[in-house]
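Here's a quick tour for anyone meeting this structure for the first time. Have a look at the sequence and the model, then read on.

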Amino acid sequence: MTPSSSERSPQATRYNTVAMVLHWLLALVILAMFGIGIYMTDLPFSPQRLKLYNWHKWAGVTFLALTLLRLVWRMTHRPPALPVAVTRTMPGWQHRAYHATHHLMYLLFFAVPLVGWAYSSAAGFPVVWFGQIPLPDLLPVNKEVAELIKPLHKLLALALMALAGLHIAAAIKHQWVDRDGLLSRMLPGR
Amino acid sequence: MNTRHLASALLAASLAAIALPAAAQQKLLPAQSSIAFEIKQMGVPVQGHFKKFDAQVNFAATKLTSSKVNFTVDIASTTLGAPEMDSELPKATWFNTAKFPQAQFTSSGFKALGGGKYEVTGKLAIKGQSRDVTVPLTMTQAGATTTASGVLPIKRLAFKIGEGDWADTSMVADDVQVKFKLALSGIPKLP
C-alpha cells in the first residue's frame, strides 16, 4: 500500500507543517476564546471575571499576531490546489462558497480581535499583553463609542463561529459522505 | 484717650486686620482641585478619582511650625468611571463606605525643601486604618490662587482596601498612586 517516494508529492497535496500547526492551534484558540467570551460576560464582578477578561484579551492579541503570521506564510507558501478528484464533482456554487468562506473567515480573524481591542480601548481599559506589554489604544476613551462597539464584537464573533461551523460541516461531508480524503490535506502524513 | 492708648488700639486693630484674613480665609477651591488615583489590575492601569473632598488649611511658608492641614475625602464620591466597578466600591470588601464614610489626612509637621517644595508628615486614615505618611508637595502661586500638588504612593492593603479574594496583589496591585492638585485661596505669599 505504501507508495514509493516518487509517486508521492506531499508538497502538492498537503498543507505544509507550519500551516497545519497554525490551523489547528488557532482553531483551538478560537473555540476556547469563544467559550470564555460567552461565559465571562455573565460573571458577577469578581477576581475570576477580571482574570478571564484579561486572559481573553491576551489570547485575542496572540491570535491576531499569529493570524498575521499565518497570512504572510500562506501568501509566501501557496496552499495546495484542490485535488482534481474533488473539483470535478464540485458544483460551481460549492466552489464559490469554498472561496467565500475562507476569505470571510480570514477577514473575521482580523476583525473580531481588532474590534475587541478597540472596545477595550474605548472603555478605558488599555490592553497590556500578558500583563507586561502595554499596547497602544486603537480608539480614544469614549464610553458611548465603547457601548456601540461592544455588540459588534459579539456579532462578528458569532458570525465567525457560524462560518467555522460551515467549514467543519464541509470537512465532515468530504470526509464521510464524499469520502474523497480532502481532510488529509490538513492532517500530518503517514 | 491718650495717645498711648490710641496707638495700642490702632496697633491691635491693624494686627487683627492682618492676622484674621490669613487665619480665616484660607480655603480650598473644589472646582479647581482634583484628587485622582491610579492602580494596576493585572498590569492594566485604572484611573479613579474622588468627586467630593474638603480641607481646613492654615498655612504660611514663614510659619511652618504652626501650619496645619486637615483634609477629608468623601469616600462615597469615589469613581473609577465604570458603573459596574463603582457599584462594588462601597461594599465591605473595598471601602465599607457605610461604616467609614470619610478618609482623613491630618498634618503633624511641615518641612520646606526649597524651590516651592515641601514635605508634609501626618496621619492618613482610610477605612478605620491610620498610617503615618509623608506627602511630597509642590506649591505654586498665581494671582490669589495657590496650587499644592503632588503624588502620594500608598499601599492599599495597609488600609484593607480589597479584602478576601481581592487581597491578591497579582490581580490588583498593592501600590496605589494618589495624585492631587489642590487650589487654595488666602495663602500668604510664598517666599
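Within chain B, helix α1 (residues 3-24) has the lowest mean pLDDT of any element, 58, while β8(B) has the highest, 97. (pLDDT is the predictor's confidence in each residue, on a scale from 0 to 100; helices are DSSP runs of H or I with at least four residues, strands are runs of E with at least two, and both are numbered from the N terminus.) This is a predicted model, where local features need pLDDT of at least 70 and side-chain atom pairs count only at pLDDT 80 or more, though totals for chains, interfaces and linings use all residues. Residues are numbered from 1 along each chain as its sequence is written, with chains lettered from A and ligands numbered from 1 in the order in which they are written.

**Confidence**
- Chain B averages a pLDDT of 90, and 88% of its residues score at least 70.
- Over residues 19-23 of chain B, pLDDT stays under 50, and the model has 5 contacts there beyond four places in sequence. (Two residues are in contact if their C-beta atoms, placed from the backbone, lie within 7 Å.)
- For the model as a whole, the scores are ipTM 0.74 and pTM 0.81.

**Helices of chain A**
- Helix α6(A) covers residues 143-177, and at 1.5 Å a residue its 35 residues should span 51 Å; the end C-alpha atoms are 50 Å apart, so that agrees. (The expected span is 1.5 Å times one less than the number of residues.)
- Ile149(A), His153(A) and Ala157(A) are buried in α6(A). (Buried takes 20 or more other C-beta atoms within 10 Å of a residue's own, exposed takes 12 or fewer, and partly exposed is in between, with C-beta atoms placed from the backbone.)
- An α-helix has 3.6 residues a turn, so residues three or four places apart point the same way.
- The buried residues of α6(A) pack against α2 (17-40) and α5 (92-122) of chain A.
- Just past α6(A), Arg179(A) has a positive phi of about 50 degrees.
- The 31 residues of α5(A) should span 45 Å at 1.5 Å a residue, and with end C-alpha atoms 44 Å apart, that agrees too.
- Buried residues of α5(A) include Leu108(A), Phe109(A), Val112(A) and Trp117(A), and the buried set packs against α3 (47-76) and α6 of chain A.
- After α5(A) comes Gly124(A), with a positive phi near 95 degrees.

**A loop in chain A**
- Phe130(A) sits in the loop between β1 (128-129) and β2 (133-134) of chain A.
- Phe130(A) isn't a glycine, yet its phi is positive, near 55 degrees.
- With 13 other C-beta atoms within 10 Å, Phe130(A) is partly exposed.

**Strands of chain B**
- β8(B) and β9(B) run antiparallel, joined by 10 bridges, and Thr121(B) stands opposite Thr134(B). (Strands pair if DSSP finds at least two bridges between them.)
- Their hairpin has 2 residues between the strands, and Lys127(B) there takes a positive phi near 50 degrees.
- Lys127(B) is partly exposed, with 19 other C-beta atoms within 10 Å.
- β9(B) also pairs antiparallel with β10 (residues 145-155) of chain B over 5 bridges, and Ala142(B) stands opposite Thr145(B).
- In the turn of the β9(B)-β10(B) hairpin, Gly143(B) has a positive phi of about 65 degrees.

**Where the chains meet**
- 14 residues of chain B are in contact with 12 residues of chain A.
- On chain B's side, β3 (44-50) and α2 (83-86) are the elements that give two or more residues.
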